[in-house]
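Have a look at the model first, then go through the points in order.

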Amino acid sequence: MPTFTGPLGYSIIDLTFASDTLAPQITSWAVSELYTHSDHQAIVFEIKTARPTRPSTRQSYKWNARTLDTECLSVMMAGTAVPPGPAEEMATSLMAVISIACDASMTKRGRRRRRGAVYWWTSEIDDLRRSCLRARRLAQRAHGMPNEDACRASYASAGRLLRAAIKTSKRLCWNKLCDEVNEDVWGKPYETVMSRLRGPRVNSPSSPSLVRRIVAALFPRVPDEPALPPPLQAGAIVPAVTLEELRGACRRIKDHTAPGPDRVSNSANKIAIDTNSDIFLQVYTACLRTGVFPACWKRQRLVLLPKPGKPPEEPSSNRPLCMLDTAGKIL
């Protein structure tokens, strides 16, 4: 079949090259009849992989809470609803709604952590640094040219201005930090100092057999018998969760604690509750009246912190941290 059609005729000039090992894996090679806005026809083929990819069961991403768009999250949560049904299904639907809203209002955080600006950085220093870098490029390109001396003098002047601005900004910001310490002990001064502290980092145990032994020792298994709710008195009805109770539970949740397996930050949960509290009241009331704690909120994200000076092979030498979903904590 021709792969090129022109005003003077047609020909076969488009090919697919493959190695000896790759050629047997190419299947369904064909010339497409779809219009490609070109005289060339598209060649479509598939390559069979050696082994099928397995779906990952680990949620490797998390949202960057610093990029949270409060208005976007509020808009996404305003018109949502959870269909009535069993408490398990309602809780799953609620978490799906929150995840969709987080996808729209926050960016995903990659493995590489981007360094933030230092506390003394200003827009004026940013402009001076950009001018200094431009002057340096011009001075480097002017090597051996008549204007070399002028470019080098311009680069030296830009460097002096940048250093002077940095020195002035550091002095002013340091005095400001010293004044803020007396007002807020855990504010910006504390964050600045803690970001500069460096110490030996202890890695968590990575051996699968050791991790299984630690988990088995720290979390003993209990009989898999369902815990039945206490019987209610005749005619007794569990009251619905009130808005005041929901807001009181939210106030006890700190903003900057680590999230659970759902990776939804506490601040995002609070905004979702403030925007559309009816769906949360509906789900929580259904859980309490049916005596069901949803299984999706029983999952924990376990982090093992080795204790300093303890033998690493002993299970008691690790301090377990179990992160739960914030929605489950509120319930």
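1. Is Asn318 buried or exposed? Asn318 is buried, at 5% relative accessibility; buried stands for under 20% relative accessible area, exposed for over 50%, and partly exposed for what lies in between (1.4 Å probe, protein chains only). You'll find Asn318 in strand 8, residues 318-323. Leaving aside residues up to four places away in sequence, Asn318 touches Pro205, Ile214, Leu218, Leu304, Leu305, Pro306, Lys307 and Pro312, where a contact is heavy atoms within 4.5 Å.

2. A word on what you're looking at. This is a predicted model, in which local features need pLDDT of at least 70 and side-chain atom pairs count only at pLDDT 80 or more, while totals for chains, interfaces and linings use all residues. Residues are numbered from 1 along each chain as its sequence is written, and side-chain values use heavy atoms, with hydrogens and water left out.

3. Now the overall picture. The protein has 10 helices and 8 strands; these are DSSP runs numbered from the N terminus, with helices being H or I of at least four residues and strands E of at least two. Of its 331 residues, 25% count as buried. Among contacts with a separation of 6 or more, 66% come from residues 24 or more positions apart. The accessible surface is about 24,500 Å², and carbon and sulfur atoms hold 56% of that (Shrake-Rupley method, 1.4 Å probe; for residues, only the protein chains shown count as cover).

4. On to the inside. The largest nonpolar core has 36 residues, and Met77, Phe280 and Trp297 have the most contacts inside it. Such a core is a set of buried Ala, Val, Leu, Ile, Met, Phe, Trp, Tyr and Cys residues joined through side-chain atoms within 4.5 Å. Helix 2 gives the most to this core, with 9 residues. Among the residues that Met77 touches are Val97, Ala272, Ile279 and Phe280. Apart from this core lies another of 8 residues, including Trp120 and Cys132.

5. Which rings are linked into a cluster by ring pairs? They are Phe280, Tyr284 and Trp297. Rings of Phe, Tyr and Trp (its six-membered ring) pair if their centres lie within 6.5 Å, with planes under 30 degrees apart called stacked, over 60 edge-to-face and the rest tilted. The count comes to 4 aromatic pairs. Phe280 and Tyr284 have ring centres 6.3 Å apart and planes at 50°, so this pair is tilted. Both sit in helix 9 (residues 277-290), 4 residues and about one helical turn apart. Phe280 is buried at 0% relative accessible area, and Tyr284 is buried at 2%.

6. Finally, charges. There are 5 salt bridges, each a side-chain nitrogen of Lys or Arg within 4 Å of a carboxyl oxygen of Asp or Glu. Arg152 pairs with Glu148 at 3.2 Å between the closest N and O atoms; Arg152 is partly exposed at 45%, whereas Glu148 is buried at 17%. Lys270 and Asp255 form another, at 2.8 Å, linking helix 8 to the loop between helix 7 and helix 8, 15 residues apart. Shared partners join Asp126, Asp127 and Arg130 into one network, and within it the Arg130 and Asp126 side chains meet at 3.3 Å, N to O.
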